Amino acid sequence: MHDQRVAELIGLETERQRDTLRMIASENYVSRDVLEATGSVFTNKYSEGYPGKRYYEGQRFVDPLEELAIERAKALFGVDHANVQPYSGSPANLAVYLALAKPGDTVMGMALPMGGHLTHGWPVSATGAWFRPVQYSVRREDGRIDFDEVRDLALRERPKILFCGGTAIPRTIDFPRFAEIAHEAGAVLVADIAHIAGLIAGGAHPSPVGHAEVISTTTHKTLRGPRGAMLLCDERHAKAVDKAVFPGLQGGPHNHTTAGIAVALGEAAQPSFRDYAHQVVANAKALAAALLEQGFDLVSGGTDNHLILLDLTGKGIGGKPVAKALDRAGIETNYNTVPYDTRKPFDPSGLRIGTPALTTRGLTEAQMPQVAAWMSRAVDAALKSDDAALDAIAGEVRELLRAYPV
Ligand SMILES: *Cc1c(COP(=O)(O)O)cnc(C)c1O
């Protein structure tokens, strides 16, 4: 590369990703093939429209590429219709609103501090500003969704759209139960499976197909593709969804991303991806058990999926200083609110971690007690502002990861 500064930064980021234990629940490592497809000449091409109906010439190879991605998405998830053009998860969700609701309509989703996503109607998001959001929570006692509360709220408020899924939910989403409530309330159920798409594709989490009328997902989290998104639905909503994505919300699709998505969907259809998805969950369960043994509090007491939410209240320290200490110790995480958090969103009580990326590196249950021990030592070091102890952990992390190349 001729741009030395950018080349240098890419090199440094490559090393950083190699030498740190990446435990941000929404991140992963894509394959070399996905990287290559994403960095291909498809980035040069404009293709407003859909295969066979474009507004620009020269689509001889773009059309079969997008059709391939669509066919693979339909086959992998078992749906009638797939739109692979949304630029990312948030724009995909905006397209859902545009397809199914009018400004001012009532919409319902899980509150952000309870584990929902900004785009499920949180006030600072356009979705909270332009619609009338009502939000459900989790129970204070056990961190689980209270379906009686969800049902009461839905029947009272009669939302047009009911979102299920979120960004900090460590437990299985009960799609049939949500579908029942949506049906009773006259709402369209939208399953946002951004975090768990790879687990669903690999058979490690139940599928929302047959329960949710529309499914929204990113492609870059457990699904292990490029940064992008897809909308999946049955025939009934196909036209509205397509029209909402283009021309409703977007211009030309990012064809290089479509190429990467096609590759990732091909990989996710391999038997080895099923093993991957199940290993992600096995690792998270092993890590949760080891963290409990180290005296950590886990929201809902553990995990069913790839994600663990730690409540650090009992450790006498906030999530932010712990996340910063762990970063110095070579362990990448993010601070997060916990349900009913008494601290501020910029300095909350929780820490969110996940196992998708470290599972891609090849780590198994055998290494999880070590990871939990490092996390415990890092919390102690953070409480004592002991940077030397954090640097020592970073050295041990690097040493372990040498055996698991990217
Ligand atoms: C990550 C995520 C999104 C948004 O994805 P972006 O690509 O960051 O815009 C939407 N919904 C859920 C549940 C997510 O976890």
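Two residues are counted as being in contact when they have heavy atoms within 4.5 Å of each other. In the predicted model described here, 71% of the contacts in the protein chain with a separation of 6 or more are accounted for by residues 24 or more positions apart. The secondary structure of the protein chain comprises 15 helices and 15 strands.

The overall dimensions of the chain can be set against a simple expectation. For 406 residues, a compact globule would have a radius of gyration near 22 Å, and the 21 Å computed for the protein chain agrees with that value. Taken along the principal axes, the box filled by the C-alpha atoms is roughly 60 × 60 × 35 Å. Of the 406 residues in the protein chain, 55% are buried, while the accessible surface amounts to about 17500 Å², with 53% of this area belonging to carbon and sulfur atoms.

In the model, K221 is placed in the loop between β9, which spans residues 214–218, and β10, which spans residues 229–233. K221 has a relative accessibility of 11% and therefore counts as buried, since the cut-off for a buried residue is under 20% relative accessible area. When residues up to four places away in sequence are not counted, the residues that K221 touches are S26, N28, A194 and H195.

The loop between β9 and β10 also holds R224, a residue other than glycine for which phi is positive, near 65°. With a relative accessible area of 18%, R224 is buried. A positive phi, near 50°, is likewise computed for S385, again a residue other than glycine. S385 is found in the loop between α14 (368–383) and α15 (387–401), and S385 counts as exposed because its relative accessibility is 61%. Most residues other than glycine have a negative phi, and most peptide bonds are trans. In the backbone of this model, F246 and P247 are joined by a cis peptide bond with omega of about 10°, and P247 has its place in helix α9, which covers residues 235–249.

G39 is located in the loop between α2 (32–38) and β2 (49–50), where G39 is exposed, with a relative accessible area of 68%. The C-alpha atom of G39 is separated by 40 Å from that of R132, a residue 93 positions away along the chain. L189, by contrast, lies in strand β8, formed by residues 188–192, and L189 is buried, with a relative accessible area of 1%. Between the C-alpha atoms of L189 and A403, which are 214 residues apart along the chain, the separation is 44 Å. Leaving aside residues up to four places away in sequence, the contacts of L189 include L162, C164, F175, F178, A179 and A182, together with H211, A212, E213 and V214.

Note on methods: Residues numbered from 1 in each chain as written. Predicted model: local features only at pLDDT ≥ 70, side-chain atom pairs only at ≥ 80, totals over all residues. Heavy atoms only, no water. Helix = DSSP H or I, 4+ residues; strand = E, 2+ residues; numbered from the N terminus. Buried < 20%, exposed > 50% of the residue type's maximum accessible area, 1.4 Å probe, protein only. Rg over C-alpha atoms; globule rule 2.2 N^0.38 Å. Areas by Shrake-Rupley, 256 points an atom, 1.4 Å probe, with all protein chains shown as cover.
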